[in-house]
Amino acid sequence: MRLDRRAFLKGAGAATGVAASGFSLEAIAQAAQKAKKAAAAAPPLETKIVKSGCAICPNFCGISATVVNGVVRTIYPDEARADFYNHGICPKGASGMYNTYDPYRLKKPLKRTNPAKGPNEDPKWVEVSWDEAFETIAARLNKIRAEDPRKLVWQHGQGKYLIQEQFCQAFTKAFGTPNMVHRTTACEAARHVADELTWASAGILPDLKYSKLLLNFGANYHEGEQASRWLDWQTVTSRDKNGLKIVVVEPRLSGVAAKADEWVAVRPGKDPVLLLAMAKVLIDADTIDEPFLVEFTNAPQLVDAAGIVAKDKDGKTPLVWDTATNSAKPYVAGVKPALRGTYTVDGKPMRTAFQVLADSVKDITPQYAEEIAGIPAATVVRLAQTFAKEARIGETIEIDGLKLRYRPAVLYTFRGLSAKEYGVQGWRMGLILNMLVGNIDAVGGLILGGAYARPQYFDVSKCEFPPKRADLAQSVFFPYANHHIAQTPCLTVQDPKAYALEYTPEMQIFYGTNRPVSIPNSWQQFDGLKKTFNVVIDVLMTESAWYADIVLPDKTYLESWHFAPTRGTPDTGHAAIRQPMTNPYKLEYDAFSIMWELAKRVGMRDKFAEECNKSWGLKESTFKPGRDYTQREGVEVIWADKTKKDFSVAIEQGFVGSRKTAKGKYLSGAEDKFRGPGKAKIKFYADQLIDTYYKVEEIAKKNNLAKIDLAKYKIAYAPLPNKEHAFPTPHREAAELPFYVITHKRMYRNQSGFTVNNAILNQALGADAATNYVQINAAAAEKLGVKSGDTVTIETRVGKINGTAQVVQGIRPDTIAVSYHYGQWSPGYSPAGRNGTAINQVLEHHPDLISGHNSFNDTKCKVYKA
């Protein structure tokens with residue numbers, strides 16, 4: 001037998017150490033036996049797999065969580081959901097339990113005792129009981145409801161995606177206030193409104209299963225986009241299987257651009273000129289889908305010198321030029337509309353809407369686009385020619401026995417064209433490019449979500465005056481703000497008379513939103529919070545909560561029941577729930593139960609139930625008067641009505657899915673609603689915009705509205721996009737400042753909400769995820785003497801802010817980029833949650849005058865070492 005000396009010495013040393021510690025080997029053995037017996041006697045671990053949904057961002061991914069003895073151990077994507085939406089989840093979703101177990105969470109209702117409000121003011125919080133908090137809030141609500149219910153403003157952000165907006169709408173309707181305001185103007189409202197003005201509904205996706213070319217104008221689905229978890233998987237799959245080519249057009253080499261076949265670094269804000277120049281190339285070469293433009297759109301409609309569409313004797317029906325009779329007629333059976341040309345009707349010169357566009361782009365050459373947008377003229381021509389070639393104009397394809405239009409080239413955006421002062425016009429121009437090649441609702445093209453579902457958006461705006469809503473939505477100030485205006489209540493409350501508001505808001509309830517932090521010129525927003533009594537329902541002490549008078553803790557999506565919103569694809573849809581799987585802090589209420597309790601104390605419980613039925617569109621399974629509902633019972637009511645499935649299906653599977661047929665996907669939208677004579681038409685030419693401008697002009701002059709600059713409104717409300725839409729206010733007024741400022745989202749904090757303190761995102765993934773940077777081009781940085789890691793100052797016309805420089809090649813030399821989601825200052829966050837630069841603090845505020853969307857990518861600045 002051979003003895004290993006090193007093993008002997010190691011054992012001897014261990015024994016010596018044990019002896020020195022005062023324990024014998026025998027005692028240790030006995031302790032081990034005792035522990036083994038105790039473990040055997042302990043109840044077995046209870047392990048459950050819970051199917052639910054993520055609520056951190058608007059992708060609403062399906063998740064499968066492992067829960068051990070009531071503790072969430074892992075979160076993975078639900079494999080069953082992959083066939084209907086998400087094939088994976090992001091780092092935020094996978095680490096979602098760290099938000100729920102966050103020790104910095106709000107756990108008790110808090111009441112402010114210091115009336116002074118500000119970032120450096122101590123609110124002097126005191127914990128109060130739920131009963132006292134409810135009574136304090138209800139007393140205010142009862143007083144306001146008796147005097148003027150309009151004085152209450154309800155605002156929500158991510159809360160819209162938790163219990164869902166329908167409950168918020170029902171609560172405010174039951175109370176009697178018009179002021180329910182959600183977050184979309186801080187996200188993608190301009191894109192939605194452009195869709196609504198063009199095809200009378202909103203919601204688009206590229207048909208990537210069949211596409212051959214994707215022209216992506218700033219839809220950053222590898223970092224943060226509304227349909228990221230489908231787009232990222234489908235683009236990769238289609239590249240491998242179908243040879244999809246991807247061209248990304250944006251100023252920064254984003255995650256999407258880095259993985260594309262080509263990155264086109266357009267100058268910030270100048271996309272409209274690039275698109276107009278591409279349209280000119282298509283029109284000049286006659287590489288357009290003329291049958292589509294004639295049969296589906298209003299491009300043939302006749303337009304007079306004032307920009308008004310000519311109407312028949314009824315004053316309503318548009319006229320086209322009939323080539324069969326050489327006369328102006330409504331487009332009815334037998335009429336052959338001319339697409340191009342100038343004509344005389346009743347002694348007045350008229351052009352077709354298409355001709356108006358063709359004439360307007362005559363001087364927008366590829367060379368002009370090179371000068372303005374910073375893209376070589378040859379690239380402009382090549383992009384246009386490639387788009388037309390890959391669209392395969394005139395081709396058809398057979399799917400499920402149906403002969404369908406085949407246009408496998410698509411132009412798509414999210415915020416890239418829309419988060420700007422002229423955001424509606426930016427995406428309108430993108431839609432027009434898609435129309436020129438005829439890809440709307442075609443195989444491989446742009447799929448519309450519910451064509452002509454909201455025909456009222458083809459009408460002239462009501463231009464409400466005086467405004468009824470504190471956010472001024474659909475008033476003369478923002479006539480087509482169909483998705484509320486997140487930023488305006490905190491402005492109108494500071495000077496209601498300037499906006500002709502007939503009341504002064506006194507109380508605001510904020511649910512799941514950190515509104516001022518999300519808006520350009522943030523400190524201006526915070527000033528508004530000083531004017532009102534504020535109630536905040538949230539999971540953390542956000543900056544908005546710091547300005548609150550009462551703070552109510554909310555449950556997270558892992559602790560609560562929700563009938564969940566979902567995302568679909570061009571081929572699928574699904575209904576889903578979220579279900580509680582833990583409650584570490586023994587929280588009693590979520591937002592639904594808070595609303596229900598307040599409704600009872602204000603004496604409107606049955607009215608709230610009635611309005612819930614209306615807002616949810618419930619028919620068979622409904623909320624009944626005369627009783628209360630728990631969180632689960634409320635979800636059961638909606639699930640039963642919407643799915644007609646037993647609730648056990650919801651608990652076991654988390655969702656039920658559906659698939660679209662080829663007929664439903666391609667023939668029930670534009671083909672059904674717009675094609676041919678006698679039907680509504682896609683608005684190639686948005687005549688309702690110019691008609692609305694003339695209405696705004698009349699009201700503004702009659703009432704001497706100083707807040708309305710008619711010159712700006714005339715530019716914004718053009719019926720066709722034009723080159724002026726590439727020159728937002730800061731580009732014109734601050735042209736001397738050397739850098740454009742662009743903003744973007746990041747995977748780690750996109751729709752951050754309560755992820756600010758997440759230890760995995762802030763500490764485990766590395767320094768890059770823990771903060772944001774001021775990205776600056778290497779050549780520009782060298783001229784400034786700036787190196788990566790240097791502290792630099794960004795100075796705009798709004799103010800100054802410091803950040804950490806990150807010198808890169810992948811950004812234009814005339815541009816800097818800073819992501820959102822960082823730079824929080826509330827003492828309620830963990831130290832690791834307060835890193836970075838809050839760029840919104842110094843962005844200029846020039847909202848889109850059509851939609852109210854914030855201008856996140858128009859500011860100019862100078863940069864220097866701090």
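By class, the lining of the second largest cavity holds 8 nonpolar, 8 polar and 6 charged residues, where Ala, Val, Leu, Ile, Met, Phe, Trp, Tyr, Cys and Pro count as nonpolar, Asp, Glu, Lys and Arg as charged, and the others, Gly among them, as polar. The model is predicted, so that local features need pLDDT of at least 70 and side-chain atom pairs count only at pLDDT 80 or more, while totals for chains, interfaces and linings use all residues. Residues are numbered from 1 along each chain as its sequence is written, and side-chain values use heavy atoms, with hydrogens and water left out.

**Second largest cavity**
- On a 1 Å grid over the protein atoms alone, a cavity is a set of points where a 1.4 Å probe fits but cannot get out, and lining residues have an atom within 4 Å of a point.
- The second largest cavity contains about 320 Å³ of space, a volume being the space filled by probe spheres set on the points, which are joined across faces, edges and corners.
- Of its 22 lining residues, Gly218, Glu250, Gly416, Thr743 and Asn857 are the closest to the centre.

**Largest pocket**
- About 1400 Å³ lies in the largest pocket, a pocket being an open set with protein on both sides within 12 Å along at least five of seven lines.
- Its lining of 45 residues, with Ala202, Gly203, Arg454, Thr566 and Arg567 nearest the centre, divides into 13 nonpolar, 21 polar and 11 charged.
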